[in-house]
Amino acid sequence: MGSASQPMLVVKANRALLRKRRSYSDIREAYEGYTKETQLHFRELTPFEQKKVRDKIIAQAKKDRLQEIRNYLGAFLLLCLLVFVGYLIFFS
């Protein structure tokens, strides 16, 4: 069995931790200037490079779409096979 003073020790330790925490307003003030100062610099692409990137994205989307169709078709065929086998086992 635990000691009767143990819960008080836990409460005392939690209070000590709470004093160390910073408030939301302190944290917000510390980070407020960062969002205004941050500037993103993107490299300018030539029209040829833009077309190349666009073609890569389209080709990858097509591959992903075909892979998804294959997965659905495979799952459907597996389900049909399981239903057929179940039908043969239970009704024969």
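Reader: Which residues make the nonpolar surface patch of about 1100 Å²?

Author: In this predicted model, the patch is made by Leu78, Leu81, Leu82, Phe84, Val85, Tyr87, Leu88, Ile89, Phe90 and Phe91. Leu78, one of these residues, is found in helix α3, which covers residues 47-91.

Reader: How many helices and strands does the chain have?

Author: The chain has three helices and zero strands, and when it is read along the sequence the pattern is α-α-α. Its radius of gyration is 31 Å, well over the 12 Å that the globule rule gives for 92 residues, so the chain is more spread out than a compact globule. Along its principal axes, the C-alpha trace spans about 70 × 65 × 15 Å.

Reader: What share of the residues counts as buried?

Author: A residue counts as buried when its relative accessible area is under 20%, and of the 92 residues of this chain 0% count as buried. The accessible surface of the chain comes to about 9700 Å², and 64% of that belongs to carbon and sulfur atoms.

Reader: How should I read the salt bridges, and how many does the structure hold?

Author: Side chains of opposite charge can pair when their charged atoms come close. The structure holds two salt bridges. Arg43 forms one with Glu49, where the closest N and O atoms are 3.9 Å apart; Arg43 is exposed, with a relative accessible area of 64%, whereas Glu49 is partly exposed at 26%. Lys51 and Asp55 also meet in a salt bridge, at 3.5 Å from N to O, and, being four residues apart in helix α3, they are separated by about one helical turn. Asp55 counts as partly exposed, at 35% relative accessibility.

Methods. Residues are numbered from 1 along each chain as its sequence is written. This is a predicted model: local features need pLDDT of at least 70, side-chain atom pairs count only at pLDDT 80 or more; totals for chains, interfaces and linings use all residues. Side-chain values use heavy atoms; hydrogens and water are left out. Patches are made of residues with over 30% relative accessible area and no salt bridge: like charges are joined within 9 Å, nonpolar side chains (Val, Leu, Ile, Met, Phe, Trp, Tyr) within 5 Å. Accessible areas come from the Shrake-Rupley method with a 1.4 Å probe; for residues, only the protein chains shown count as cover. A salt bridge is a side-chain nitrogen of Lys or Arg within 4 Å of a carboxyl oxygen of Asp or Glu. Helices (H or I, at least four residues) and strands (E, at least two) are DSSP runs, numbered from the N terminus. The radius of gyration is taken over C-alpha atoms; the globule rule is 2.2 Å times the number of residues to the power 0.38. Buried means under 20% relative accessible area, exposed over 50%, partly exposed in between (1.4 Å probe, protein chains only).
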